[in-house]
Amino acid sequence: MKVQYFLILSLAVISLKMNPAFAQKTKVACIGDSVTFGYGISERDSLCYPSQLQRMLGDAYEVGNFGHNGATLLQNGHNPYIQTAAFKNALAFRPDIAIIHLGLNDTDPRNWPYYKGEFETDYASLIADLKQVNPDIRILIAELSPIFSGHPRFKSGTRDWHREIRNKTQKVAKDNEVELIDFFKPLHQHPDLFPDNLHPIAKGAGILAKLVYSRLSNEAHVFQLGKIFQNGSVLQRGEMVNVFGRGIPGEEVVVRLGNSIGKDQVDLDGNWLIELGQVQAGGPFNLEVNHAKETLKLDSIWVGDLWLAMGQSNMDWPLSLSNGGKSLEEISQENLFPRIYKYDPVGTMNNQAWDKMTLEAVQDLRFFEGQWLSGQKLKDASGLAYYFAKQLGSHLEIPIGIVQLSLGGAPIESFIKRESLEKDNLLVDMLAGWKQSDFIMPWVRQRAKENFGDSHGTNQRHPFEPAYLYEAGIKQLEGLAFKGLIWYQGESNTHNPELYSSLFQLFAEDMRGVFGESLPIYTVQLPRMSREEWPYFRESQAKLAQEIPAVYLATTIDLGDSLDVHPRDKESIGKRLAALALNYSYDMSFEDPSKIKVKEVYFEKDTLNLVFNVDDALKVRSGPVVHGFELIGSKGLRKKVRAVISENTVLIEVPKGFKLEAVRYGFEPFPQTNLLSPAGNPIGPFRLPLNLN
């Protein structure tokens with residue numbers, strides 16, 4: 001009987017353990033301030049991030065919300081978390097896992113300036129308290145969720161203190177051997193989810209819940225390659241070839257590309273990036289990726305030089321509409337290259353109101369869908385990028401690929417990182433209230449208003465919004481290597497050349513921060529057009545190319561239309577950019593006409609001599625008279641003059657009695673210029689102040 005009794009008892013115990021309803025649940029304590037609590041969320045009890053996390057994890061877990069509004073991590077702060085009932089309840093809960101998100105309220109000027117030296121000690125103390133109630137506890141501490149620039153204390157201290165606390169939190173995690181989870185980056189690209197610039201709405205809480213869920217459950221992870229890796233992809237050659245994607249944290253990934261093999265583990269956030277050894281230019285190569293008994297295969301990967309092409313409508317202008325655009329038959333009969341990965345927007349940028357599906361896609365940063373184009377499909381790709389790539393390919397004889405991220409009307413601020421704008425005391429003011437901001441060109445704001453329709457007064461986002469194109473497009477390319485960047489943009493920023501100069505410098509820093517400090521940037525100077533502000537904008541573009549290392553300028557002053565912002569001759573522009581790239585990126589001997597300047601000025605009787613810094617003779621298109629020069633005298637007097645050349649010198653006869661103060665060339669909205677370099681390239685516009693006394 002005893003044997004039977006113990007057998008029945010043992011079976012009952014086993015049955016209890018196997019039944020989830022009776023199994024011991026894993027306890028998860030969400031510790032934090034008002035963001036954890038769910039402040040401002042309607043139906044907080046069901047929609048705060050701990051409640052959403054509970055539904056994701058299921059019945060095997062018990063999630064507790066131990067958030068307290070206004071709590072500080074600092075024990076000497078104005079509202080210390082360790083003194084709250086929420087913390088006492090968290091300890092009594094005896095959690096198996098703790099997610100700690102504290103520090104937002106420590107940015108208060110009552111706290112951080114006085115007690116920041118105690119932050120690491122106080123955080124370690126809180127961690128120790130949790131370990132005391134459960135020595136086996138798993139602890140994840142969160143890098144702070146964002147505070148956005150519309151917050152009233154953002155520039156007065158919160159911005160900088162928030163960054164300091166995030167940095168210290170990273171150190172606390174390392175020193176105390178606990179996990180770090182990033183609540184900042186996933187939410188920083190969603191200002192629309194923070195109506196008060198501090199607390200996320202339910203949708204933002206859902207992002208946090210998914211983030212924590214992905215750390216606690218492998219079921220949240222899907223094995224995949226980055227979207228740009230498709231059959232027909234072109235990857236950048238070099239010492240290392242990067243391949244990246246997502247997978248199950250801790251699992252190994254093995255990548256084979258041709259004869260090169262690399263392996264690594266997926267990180268805690270589910271990301272992996274493998275640097276393969278040098279792969280010789282050519283292809284097609286097979287790409288095989290193995291991970292957790294799954295295999296992904298692609299059979300036509302090419303290795304060569306990959307370029308990034310960005311800008312607004314003139315970069316976006318399709319090959320099929322460009323002058324000299326090739327017919328479908330010609331394109332289909334060409335070789336395999338170039339190949340262009342084109343980001344296609346979900347909505348058109350005309351003056352029509354977007355429908356609900358488009359607005360939702362824009363709001364969720366699903367504005368672009370990319371695909372590799374070749375053959376006849378290239379008719380829809382950038383004509384400029386196509387001709388640039390064809391010219392490179394004809395000289396290099398290797399696979400050439402282009403990633404095209406362009407959008408008609410897009411201002412430069414939409415291509416810049418949010419954090420870069422936030423750090424700048426001037427440019428940060430572009431972010432909050434951008435729909436009414438004079439920083440943004442009126443035309444840009446008007447077009448956004450037209451696309452918004454009835455949604456204009458809401459938190460609806462738009463691709464012209466500062467930082468949007470970075471968050472919806474460029475961010476997807478992080479991890480890729482590029483040979484260089486070609487950039488045709490500026491028409492939507494001509495209202496303020498000085499502001500553009502500051503923005504472009506940030507843009508260049510961002511691109512080099514993501515794609516390598518040595519990334520060269522080849523820019524297109526705006527062509528001639530009857531818009532009064534354009535001469536000054538062209539001048540600012542020329543100065544940027546002079547002042548910023550590895551920024552180069554293609555002159556287009558001989559191209560354009562007086563009334564049409566889209567010059568059709570994309571072949572000439574593409575070839576000029578390619579000549580610069582071949583010169584600077586490939587060490588081939590091609591002239592850079594933007595470097596041709598006046599090096600000496602002197603008078604011989606009544607003739608002004610402008611000596612250029614070239615050894616060979618200048619040229620004149622449809623000569624011998626040079627058109628485009630203008631003399632500037634005292635009291636703003638202006639006089640157009642004709643000139644002639646003598647070797648490397650331009651000679652201009654100055655009228656008697658004219659008090660000369662400056663000379664200009666091509667410095668008009670739609671100038672008629674014909675001065676050429678020794679190699680036959682157009683000389684760009686310039687202003688030259690004179691002091692001949």
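**Cysteines and a helix pair**

Mentor: This is a predicted model, and we can begin with a cysteine: the sulfur of C48 lies 8.1 Å from the closest cysteine sulfur, which belongs to C30, and that is too far for a bond.

Trainee: How many disulfides does the structure hold?

Mentor: A disulfide needs two cysteine sulfur atoms within 2.5 Å. Seen from C30, the closest cysteine sulfur is that of C48, at 8.1 Å, so the two are too far apart for a bond. The number of disulfides in the structure is therefore zero.

Trainee: Is C48 buried or exposed?

Mentor: A residue counts as buried when its relative accessible area is under 20%. C30, at 0% relative accessibility, falls in that class. C48 has a relative accessible area of 1%, and therefore C48 is buried.

Trainee: Which word describes how helix 7 lies to helix 8?

Mentor: Helix 7, residues 119-133, packs with helix 8, residues 154-175, at an angle of about 45°, and their axes are 10 Å apart. Because of that angle, helix 7 is described, relative to helix 8, as oblique.

Trainee: How many charged residues are in the contact of helix 7 with helix 8?

Mentor: Helix 7 brings F119, E120, Y123 and I127 to the contact, while helix 8 brings I165, K168, T169, K171, V172 and D175. Sorted by class, the contact has five nonpolar residues and one polar residue, and the number of charged residues is four.

Notes: Residues numbered from 1 in each chain as written. Predicted model: local features only at pLDDT ≥ 70, side-chain atom pairs only at ≥ 80, totals over all residues. Heavy atoms only, no water. Axes fitted to C-alpha atoms, helices over the stretch in contact; angles between N-to-C directions. Helix = DSSP H or I, 4+ residues; strand = E, 2+ residues; numbered from the N terminus. Parallel < 35°, antiparallel > 145°, perpendicular 65-115°, else oblique. Contact = heavy atoms within 4.5 Å. Nonpolar A, V, L, I, M, F, W, Y, C, P; charged D, E, K, R; others polar. Buried < 20%, exposed > 50% of the residue type's maximum accessible area, 1.4 Å probe, protein only.
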